[in-house]
Protein chains: 2
Amino acid sequence: MTTDRLTRQLAFVLELDKLKTILRQTLLTDSSRQENDAEHSWHVAMMAVLLAEYAPEGADPLAASRMLLFHDVVEIDAGDTFIHDDKGNADKAAREQEAADRLYGLLPPDQATELRALWDEYEERATPTARFADALDRLQPIMNNFATQGGTWKPHNVTAGKVLKLVERIKAGAPALGEYAEGLVEEAVRRGYLLP
Amino acid sequence: MTTDRLTRQLAFVLELDKLKTILRQTLLTDSSRQENDAEHSWHVAMMAVLLAEYAPEGADPLAASRMLLFHDVVEIDAGDTFIHDDKGNADKAAREQEAADRLYGLLPPDQATELRALWDEYEERATPTARFADALDRLQPIMNNFATQGGTWKPHNVTAGKVLKLVERIKAGAPALGEYAEGLVEEAVRRGYLLP
């Protein structure tokens with residue numbers, strides 16, 4: 001017999017499918033199309049496992065991986081907000097809180113509370129685990145932008161200064177990876193993928 | 001300074017991007033297109049967290065989640081083999097072993113060994129964790145097929161008997177979810193999504 005609890009959990013599982021249709025600005029490395037939120041979440045969750053040794057003291061890389069699996073779920077309702085879109089970022093928090101209410105509300109209350117807390121921890125970047133997760137979420141699009149010769153940067157006239165602000169966040173969550181990203185940005189400017 | 005170790009790890013991270021272009025037979029729940037391996041891996045890794053309480057004794061759901069993140073990486077080279085394609089399944093193992101050699105060989109040797117062992121554990125289904133992971137990997141396409149009114153089943157004339165064999169594997173790794181899947185298959189036959 002299927003319990004009410006399982007029914008709610010599976011309704012959430014089915015709802016998650018929609019994250020596969022939410023597009024980000026980032027291109028795939030072969031430039032064939034924009035990346036979606038579900039595959040992006042997979043990519044950064046993989047990075048948390050593969051790059052665990054660069055996590056700062058006190059961070060739990062496997063917990064960061066789980067955090068990254070869930071970090072964009074609210075975008076099912078709120079949509080993806082391009083990080084260099086200042087206008088879209090002004091009401092992003094309000095839109096995402098409303099989305100979190102509806103989406104996590106599909107789950108049994110204990111799980112809703114737990115996963116909502118996980119997402120809050122991520123958003124607040126108050127713990128080493130959350131800062132490590134955030135660093136990977138910043139690094140992956142920089143890597144894809146470099147691989148696509150400025151695929152997102154060029155059409156949006158993004159400058160090195162803007163990207164270096166994100167690199168600061170990578171440094172805060174994974175110093176060695178921040179240093180790597182900084183080198184990538186410098187090389188991107190030299191190659192003309194990114195405005196100085 | 002970027003070490004040789006980090007260079008290898010990041011080369012693997014970039015290579016992973018290709019999994020986003022490997023298509024499976026399963027459709028998204030809105031029937032708009034086929035699902036790719038990266039977003040599928042994300043979906044089942046999420047299920048391991050959300051449905052952890054249905055894991056059998058001795059299984060580690062968070063380890064299963066990590067296992068599911070990696071379970072299809074070999075398909076970057078070997079491609080996806082449709083589960084009801086008997087011909088494709090005949091040489092699947094050999095193609096995937098070769099793929100694992102090349103892909104995990106991009107990583108530093110210690111990580112290559114660790115992640116290869118994780119994939120072997122998954123493939124052999126010899127541990128409760130691996131059987132739980134396998135159960136979720138079987139359940140998700142059944143859920144999507146039901147949601148799309150037989151999206152993959154109908155064009156391939158799949159019968160209930162074939163799907164019920166997969167349900168046995170779900171039961172072996174997560175009995176309550178297997179029972180749920182069995183009910184879904186029966187209902188799918190009643191509705192004409194699946195041949196009796």
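**Salt bridges and the A–B contact**

Over all chains, the structure holds 40 salt bridges. The model is predicted. Four of the salt bridges are counted between chain B and chain A, and these two chains bury about 4300 Å² between them. The points below cover the contact, then salt bridges within the chains.

**Extent of the contact**

- Chain B contributes 50 residues to the contact, and chain A contributes 50 residues.
- Of the area of about 4300 Å² buried between chain B and chain A, 70% is on carbon and sulfur atoms.
- On the chain B side, the residues that lose the most area to chain A are B:Lys20, B:Trp42 and B:Leu50, which together account for 18% of what that side buries.

**Polar links across the contact**

- B:Lys20 is joined to A:Glu35 by a side-chain salt bridge, at 2.7 Å from N to O.
- Between chain B and chain A there are 24 residue pairs in polar contact, with both residues at pLDDT 80 or more.
- On chain B, the elements that each supply at least two residues of the side touching chain A are α1 (4-16), β2 (34-36), α2 (37-50), α3 (61-70), α7 (109-124), α8 (128-147) and α10 (175-191).
- The most comes from α2(B), which gives 10 residues to the side of chain B that touches chain A.
- That side of chain B is made up, by class, of 29 nonpolar, 11 polar and 10 charged residues.

**Salt bridges within chain A**

- A:Arg5 and A:Asp110 form a side-chain salt bridge at 2.9 Å, N to O.
- This pair links distant parts of the chain, 105 residues apart: A:Arg5 is in helix α1 (residues 4-16) of chain A, and A:Asp110 is in helix α7 (residues 109-124) of chain A.
- A:Arg5 is partly exposed at 27% relative accessibility, and A:Asp110 is partly exposed at 43%.
- Because A:Arg102 lies in helix α6 (residues 92-104) of chain A and A:Glu15 in helix α1 of chain A, the pair ties together parts that are 87 residues apart in sequence.
- A:Arg102 is partly exposed at 37% relative accessibility, whereas A:Glu15 is buried, at 13%.
- A network of salt bridges links A:Arg125, A:Asp134, A:Asp137, A:Arg138 and A:Arg169.

**A salt bridge within chain B**

- In the salt bridge between B:Arg5 and B:Asp110, the closest N and O atoms are 2.9 Å apart.
- B:Arg5 in helix α1 of chain B and B:Asp110 in helix α7 of chain B are 105 residues apart, so the pair links distant parts of the chain.
- B:Arg5 has a relative accessible area of 27% and is partly exposed; B:Asp110, at 43% relative accessibility, is also partly exposed.

Technical notes
Residues numbered from 1 in each chain as written. Chains lettered and ligands numbered in written order. Heavy atoms only, no water. Contact = heavy atoms within 4.5 Å. Buried area = accessible area lost by both parts, 1.4 Å probe. Polar contact = N/O pair within 3.5 Å; in protein donor to acceptor, adjacent residues only side chain to side chain. Helix = DSSP H or I, 4+ residues; strand = E, 2+ residues; numbered from the N terminus. Nonpolar A, V, L, I, M, F, W, Y, C, P; charged D, E, K, R; others polar. Buried < 20%, exposed > 50% of the residue type's maximum accessible area, 1.4 Å probe, protein only.
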